[in-house]
Amino acid sequence: MLKIENLKLSPGADMDRLCAAAAGVLKIRERDFTSLRVLRRSIDAREEVRLVYTVEAGVRDEAAVLKRVHSPHVSAYSPVPAYTPPAPVTPAADRPVVVGAGPAGLFCALILAQAGLRPILLERGRPVEQRQADVERFWRTGVLDTGSNVQFGEGGAGAFSDGKLNTGTRDIRHRWILEQLAACGAPEDILIDAKPHVGTDRLHIALIALRKKLLALGAEIRFESRLSDIRLADGAVAGITAEGPEGTFSLPCRQLVTAVGHSARDTFALLASLGVPMEAKPFAVGVRIEHLQSEMDAAQYRRYAGFPGLPAASYKLSCHLPGGRSAYSFCVCPGGEVVAAASEESRVVTNGMSEFARDGRNINGALLVNVTPEDFGGTGPLSGIAFQRELESAAFSLGGGGYAAPAQLVGDFLAGKPSAGPGRVIPTYRPSVRYTDLRECLPPFVCETLAGALPLLGRKLRGYDAPDAVLTAVESRSSSPVRIPRDETGQSAIRGLYPCGEGAGYAGGILSAAADGMRTAEAICGVCAAKAL
């Protein structure tokens, strides 16, 4: 097989055009192909908009073709080695317990279950079908369920997002994760797209299928079950206590995985009270910014804006300001909506979400400012949480209650005056927004950084600082504010405690969190295998 990279085609080109382009590079006839398969697909919109492909090609007389073609984009194809899950091991008397059914917890439980360890998966929230109804009710009425919301429930916070599966890290596990999701009903395109996304609607389908797979492999899943205590003996985990639908229950446990996500603040407090080493870590806060999708398409695709076959345009922006602060875009949701993501009473939190089609009128993304422990005004490991809560409470108050979010037009924000209503961009946040001055709920250094960044980012992407773009506050849950140190075995200083995923400070998205869950499961399988010898 040969690999051909950097095949560039105009939008709308079909497989026949791709085959012709590949034949041209190899200087062969199209009928000389024995096979042609797309390995990767991306969009290059820097100059003329082009779709860029990498393909695997089978050709007649491959050695002669490769010898004849002198191109840096043609090479012998060497498939990346496939991930191999751990071999089955003899289960111990006490089943491993995984706390949290986000991507880290789900894929940790999947590897453990495939190895025959029959894990028990605890999730404080509800199954995704019930969770979706709870979330919709909150958005419609402003009545929050603190146990089942955008942060808590099957799938974790990523279940109400754009479902992006791209990451800046390389890991052999990533392909395996994508294959599992595709097998569970996620779009097959995630296997070839350079920036794959599932969308909230399709991700919910995949979560249900993944749950059924876990159960079939012998895992036990207990929803509406919140970890409330950990029993320790001689510096190691000996058991756990949890609050479930039928009351308090205890489980013996020697391996406890805490894959609780970035918003399980009571769990962080529990771990700190037990003496688990923890530290405050830098994260970022800011706002959601909304534009018309058509204008972002026009800014990036130019004459191809709206062309069939082109996805809704996204963006990735950042800038450094003279004072040393930085601002950057995060979790951009083309054709999506800004969503209410609170998990605590009387606190407003925003996030972004898109469905697979990304066909909504607006595009939104977080516009964030880095914050450090020096900004928190505290020295303890939970000081970042206190800082988040302060911002979220201020946003709730400024919104006027009922989980309405404070909002302001970019033009008014830059002019330093409150907004009175929308322009062309109608905000998508539900239950509602209240137009105001965001300087009344955001720290001065955040406001100053955002005000300095918006014009700079507008020069990088035309229309980004449009006067009627909408800023909605507050985006405070971009990542975990704590880190739980672990050693090379994946364990905390408390033996048998495995901090895992984004909440523990070891991941930054669905794909990287799932991979970290797999690494944790591999470590537990190794321990079980060693004990069986």
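The lining of the second largest pocket has 20 nonpolar, nine polar and nine charged residues. Here Ala, Val, Leu, Ile, Met, Phe, Trp, Tyr, Cys and Pro count as nonpolar, Asp, Glu, Lys and Arg as charged, and the others, Gly among them, as polar. The model is predicted, so local features need pLDDT of at least 70 and side-chain atom pairs pLDDT 80 or more, while totals for chains, interfaces and linings use all residues. Residues are numbered from 1 along each chain as its sequence is written, and side-chain values use heavy atoms, without hydrogens or water.

**The pocket**

This second largest pocket has a volume of about 1300 Å³. It is lined by 38 residues, and Leu39, Arg40, Val80, Arg170 and Arg175 are the closest to its centre. A pocket is an open set of points on a 1 Å grid over the protein atoms alone, with protein on both sides within 12 Å along at least five of seven lines; a cavity is a set where a 1.4 Å probe fits but cannot get out; lining residues have an atom within 4 Å of a point. Points are joined across faces, edges and corners, and a volume is the space filled by probe spheres set on them.

Strands E1, E2 and E3 and helix H5 each supply at least two lining residues. Helices (H or I, at least four residues) and strands (E, at least two) are DSSP runs, numbered from the N terminus. E2 and E3 form a hairpin with five residues between them. They pair in the antiparallel sense over ten bridges; pairing requires at least two DSSP bridges. Asp44 stands opposite Arg50 in E3.

**The cavities**

There are three cavities of 30 Å³ or more.

| Site | Elements each supplying at least two lining residues |
|---|---|
| Largest cavity | Helix H3 (103-114), helix H6 (200-216) |
| Second largest pocket | Strand E1 (2-9), strand E2 (33-44), strand E3 (50-59), helix H5 (173-183) |

**Ser478**

Ser478 sits in the loop between strand E21 (470-475) and strand E22 (482-483). Ser478 counts as buried because its relative accessibility is 8%, and buried means under 20% relative accessible area (1.4 Å probe, protein chains only). Its side chain reaches the backbone oxygen of Ala284 at 3.0 Å. Beyond neighbours within four places in sequence, Ser478 is in contact (heavy atoms within 4.5 Å) with Ala284, Phe330, Leu368 and Glu502.

Definitions and conventions. Buried < 20%, exposed > 50% of the residue type's maximum accessible area, 1.4 Å probe, protein only. Polar contact = N/O pair within 3.5 Å; in protein donor to acceptor, adjacent residues only side chain to side chain.
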